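Hello,

Here is the structure I promised to pass on to you. Have a look at it first, and then read my notes below.

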Amino acid sequence: MILIAHRGNLTGKNSEKENHPDYIDEAIACGYDVEVDVWDVSGKLVLGHDVPQYEINMGFLIDRETSLWCHAKNIEALSRMIDYGENVNCF
């Protein structure tokens with residue numbers, strides 16, 4: 001069974017921390033996969049649910065490829081992640 005932490009949340013919604021890279025890593029360290037929200041804003045990858053908040057690079061996603069489920073928040077983000085094929089799980 002795969003347990004997936006929605007935006008890194010393990011015990012309910014935490015709007016101040018969700019999608020933050022450190023919060024995501026905490027959930028992974030606890031043995032969870034994590035669904036994250038990914039935007040492409042002017043060619044930069046950014047995590048955040050309703051709005052882009054935390055800039056990352058593609059390496060962040062690739063380094064955690066076996067643990068992340070990447071929800072593309074715009075078509076540009078989806079296109080960039082698809083370009084990396086099997087290295088990024090995205091939808």
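**Strand 2 and its neighbours**

Strand 2 and strand 5 (residues 68-72) run parallel, with five bridges joining them. In this pairing, Val38 has Ala72 of strand 5 as its bridge partner. Please keep in mind that this is a predicted model.

Strand 2 spans residues 33-41, and eight of its nine residues are buried. Strand 1 (residues 4-6) also runs parallel to strand 2, joined by three bridges, and His6 sits opposite Glu35 of strand 2. Between strand 1 and strand 2 the chain passes through helix 1 (residues 21-29), in a β-α-β crossover that is right-handed.

Strand 3 (residues 44-47) pairs with strand 2 as well, this time in the antiparallel sense and over four bridges. Here Val38 stands opposite Leu47. The hairpin of these two strands has two residues between them, and Ser42 takes a positive phi near 55° there.

Now for the helix: which residues of helix 1 are buried? They are Pro21, Tyr23, Ile24 and Ala27. Seen down the axis of helix 1, these buried residues fall within an arc of 160°, so they line one face of the helix. The face turned away from that buried side carries Asp22 and Ala29, which are exposed.

Several elements cover the buried residues of helix 1, including strand 1, strand 2, strand 3, strand 4 (54-56), helix 2 (58-63) and strand 5. After helix 1 comes Gly31, with a positive phi near 95°.

Conventions: Residues are numbered from 1 along each chain as its sequence is written. This is a predicted model: local features need pLDDT of at least 70, side-chain atom pairs count only at pLDDT 80 or more; totals for chains, interfaces and linings use all residues. Side-chain values use heavy atoms; hydrogens and water are left out. Buried means under 20% relative accessible area, exposed over 50%, partly exposed in between (1.4 Å probe, protein chains only). Two strands pair if DSSP finds at least two bridges between them. A crossover is right-handed if, with the strands pointing away from the viewer, the path from the first strand over the helix to the second runs clockwise. The arc is that of the directions from the helix axis to the C-beta atoms. Contact means heavy atoms within 4.5 Å.
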